[in-house]
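Welcome! Here is a friendly briefing to read alongside the structure. Have the sequence at hand as you go through the topics below.

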Amino acid sequence: MEAARAAVNGGIAVLEIVRSTPGVFEVLQALANEYPTKAFGVGTVLTAQDAKTAMKAGAKFLMSPATVNDILDDVRDTDVLYMPGVMTPTEIYSAHNAGAKIVKIYPVSALGGERYISAIRKPFSHIPMVASQGITIDSVGDYIAQGAISVVLSDAIFDKEAMNQNNFDVVNRLATSAAVQGKIAVERLAFSLSLSVLYYLSASSSISLLFQCCFCFGL
């Protein structure tokens, strides 16, 4: 609870509580009541029963290291977002076709990190992807720039040594740094997209003018 509070107070608005956390559902429920405007979910969910228990406890989202079709079926008519873990192009395509609105690329660092996200986004640009595993705070911007809509930060915020020492000030500082890096990455992406739109509009105007000139001269 103290680690979660340190992260949320540091600026983290979406927090995953891993299924192996002692009293995971009680922790989830307590945090959801304490921070009603934040989004809490459960990770490493592997069974439909755990998914149902998590939803009853207030989970806004669920994550798995693989695609569990029973969970996909259970959340289909709910407001809970399920992000199944996928790795290969076939897994990405299959999970999306089965109903997954967002997929979690896992384990991303073992697959090539942000370079893998960049490569896999080309054929699947219509499928939102979250990058997960082995991501550092310094690399958040690179992942967002290469097409990930979000990243999962675990040890990067919940530093093992700090957790072992119950040093939640460190967790808070790391969370603050991560939130800042995330904000910068999103703002930089938004600026880049706005430039692309302006370039497109400019190019469209030039093409339109070219067509008008051609028409005037009977070309």
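A residue counts as buried when its relative accessible area is under 20%, as exposed when that area is over 50%, and as partly exposed in between. Tyr35, at 14% relative accessibility, is therefore buried. Please keep in mind that this is a predicted model.

**Aromatic pairs**

- The structure contains two aromatic pairs.
- In one of them, the ring centres of Tyr35 and Phe40 lie 6.3 Å apart with their planes at 50°, so this pair is tilted.
- Phe40 is buried, with a relative accessible area of 1%, and Tyr35 is buried as well, at 14%.
- Tyr93 and Phe124 also make a tilted pair, with 6.4 Å from centre to centre and 35° between the planes.
- Because Tyr93 belongs to helix H5 (residues 89-97) and Phe124 to the loop between helix H7 (114-121) and S7, this pair ties together parts that are 31 residues apart in sequence.
- Is Phe124 buried or exposed? At 10% relative accessibility, Phe124 counts as buried, while Tyr93 is partly exposed, with a relative accessible area of 44%.

**Salt bridges**

- How many salt bridges are there? The count comes to five.
- Arg5 and Glu34 meet through their side chains in a salt bridge, at 2.8 Å from N to O.
- Arg5 sits in helix H1 (residues 2-9) and Glu34 in helix H2 (residues 24-34), so the pair joins parts that are 29 residues apart in sequence.
- Arg5 is partly exposed, with a relative accessible area of 23%, and Glu34 is partly exposed at 38%.
- Asp50 and Arg19 form a salt bridge through their side chains, at 2.9 Å from N to O.
- This pair links distant parts of the chain, 31 residues apart: Asp50 is in helix H3 (residues 48-56), and Arg19 is in the loop between strand S1 (14-18) and H2.
- Asp50 counts as buried at 17% relative accessibility, whereas Arg19 is partly exposed, with a relative accessible area of 29%.
- Asp155 and Lys160 form a salt bridge too, with their closest N and O atoms 3.8 Å apart.
- Lys160 is exposed, with a relative accessible area of 55%, and Asp155 is partly exposed at 42%.

**Helix H1 and the residue after it**

- Ala3, Ala4, Ala6, Ala7 and Val8 are buried in H1.
- Just after H1 comes Gly11, which takes a positive phi of about 120°.

- S1 pairs with strand S2 (residues 39-43) in the parallel sense, over five bridges.
- Which residue in S2 does Val18 stand opposite? Val18 faces Gly43 there.

**The four-stranded sheet**

- Four strands make up an open sheet with parallel pairing, in the order S5-S6-S7-S8.
- At its edges are strand S5 (85-86) and strand S8 (150-152), each of which pairs on one side only.
- Strand S6 (residues 103-105) and strand S7 (residues 129-132) pair in the parallel sense over three bridges.
- Ile105 has Ala131 in S7 opposite to it.

**The second largest pocket**

- The second largest pocket holds about 160 Å³ of space.
- Its lining includes Leu72, Val75, Arg76, Thr78, Asp79 and Val80, and Leu81, Tyr82, Gly99, Ala100 and Lys101 are also among the lining residues.
- Which elements each supply at least two residues of this lining? Helix H4 (69-75) and strand S4 (81-83) do.
- Sorted by class, the lining of the second largest pocket has six nonpolar, two polar and three charged residues.

How values were computed:
Residues are numbered from 1 along each chain as its sequence is written. This is a predicted model: local features need pLDDT of at least 70, side-chain atom pairs count only at pLDDT 80 or more; totals for chains, interfaces and linings use all residues. Side-chain values use heavy atoms; hydrogens and water are left out. On a 1 Å grid over the protein atoms alone, a cavity is a set of points where a 1.4 Å probe fits but cannot get out, and a pocket is an open set with protein on both sides within 12 Å along at least five of seven lines; lining residues have an atom within 4 Å of a point. Grid points are joined across faces, edges and corners, and a volume is the space filled by probe spheres set on the points. Ala, Val, Leu, Ile, Met, Phe, Trp, Tyr, Cys and Pro count as nonpolar, Asp, Glu, Lys and Arg as charged, and the others, Gly among them, as polar. Two strands pair if DSSP finds at least two bridges between them. A salt bridge is a side-chain nitrogen of Lys or Arg within 4 Å of a carboxyl oxygen of Asp or Glu. Buried means under 20% relative accessible area, exposed over 50%, partly exposed in between (1.4 Å probe, protein chains only). Rings of Phe, Tyr and Trp (its six-membered ring) pair if their centres lie within 6.5 Å; planes under 30 degrees apart count as stacked, over 60 as edge-to-face and the rest as tilted.
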